[in-house]
Amino acid sequence: MKTVIEAHKVDGVKVCRSEEVHVCAACGYDLDEVELAADTCSDCGAPLKLRKSVSVWATSVPKAGVKTWGQQ
């Protein structure tokens, strides 16, 4: 199952875009919401243990010409 949270602002603070993917640890099968509630994988039949992957995207880049940390 893939869950994507788009970048947004909360009280003026940017929250980065993120993506979570849940798959069966035994076979790598991409599970949907209904299958997550089960105790066995619907693809391989193994007891369900999840493997979770999280990706985060940067939402801003410093302006050109601005000194970066460590520059004089």
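## Ground rules

Two strands count as paired here if DSSP finds at least two bridges between them. The strands themselves (E, at least two residues) and the helices (H or I, at least four residues) are DSSP runs, numbered from the N terminus. With that in hand, here's a pair to look up: I5 stands opposite S18 in β4.

You're looking at a predicted model, so local features need pLDDT of at least 70, side-chain atom pairs count only at pLDDT 80 or more, and totals for chains, interfaces and linings use all residues. Residues are numbered from 1 along each chain as its sequence is written, and side-chain values use heavy atoms, with hydrogens and water left out.

## The chain at a glance

The protein chain has 5 strands and 1 helix. Read from the N terminus, the order of elements is β-β-β-β-α-β.

Of the chain's 72 residues, 15% count as buried. Buried means under 20% relative accessible area, exposed means over 50%, and partly exposed is in between (1.4 Å probe, protein chains only). The protein chain exposes about 5800 Å², and 54% of that comes from carbon and sulfur atoms. Those areas come from the Shrake-Rupley method with a 1.4 Å probe; for residues, only the protein chains shown count as cover.

As for contacts (heavy atoms within 4.5 Å), take those in the protein chain with a separation of 6 or more: residues 24 or more positions apart account for 43% of them.

## The sheet

Now for the sheet. 3 strands make up an open sheet, ordered β1-β4-β5, with antiparallel pairing. β1 (2–5) and β5 (50–56) are at the edges with a single partner strand each, so one side of each has no neighbour in the sheet. From one strand to the next, the twist averages 15°. That angle uses axes that are lines fitted to C-alpha atoms (for helices, over the stretch in contact), and angles run from 0 to 180 degrees between N-to-C directions.

β4 covers residues 18–24 and runs antiparallel to β1, joined to that strand by 4 bridges. β4 also pairs with β5, again in the antiparallel sense, over 7 bridges. β4 is mostly covered, with 5 of its 7 residues buried.

T3 is in strand β1. With a relative accessibility of 30%, T3 counts as partly exposed. Leaving out residues up to four places away in sequence, T3 touches S18, E19 and E20. T3 and E20 are 17 residues apart in sequence, yet 5.1 Å apart in space from C-alpha to C-alpha.

## Salt bridges

The structure holds 2 salt bridges, each being a side-chain nitrogen of Lys or Arg within 4 Å of a carboxyl oxygen of Asp or Glu. In one of them, the side chains of E6 and R17 meet at 3.2 Å, N to O. This pair links distant parts of the chain: E6 is in the loop between β1 and β2 (8–10), while R17, 11 residues apart from it, is in the loop between β3 (13–15) and β4. E6 is partly exposed at 48% relative accessible area, and R17 is partly exposed too, at 22%.

K52 and E20 also meet in a salt bridge through their side chains (4.0 Å, N to O). K52 lies in strand β5 and E20 in strand β4, so the pair ties together parts that are 32 residues apart in sequence. E20 counts as partly exposed at 28% relative accessibility.

Helix α1 (residues 33–36) includes E35. E35 is buried but has no salt bridge, and the nearest side chain of opposite charge, R51, is 14 Å away. For that charge call, Lys and Arg count as positive and Asp and Glu as negative, while His and the chain ends are not counted. Residues up to four places away in sequence aside, E35 touches Y29, D30, S42 and L48.

E33 is in helix α1 as well. Is E33 buried or exposed? E33 is exposed, at 62% relative accessible area.
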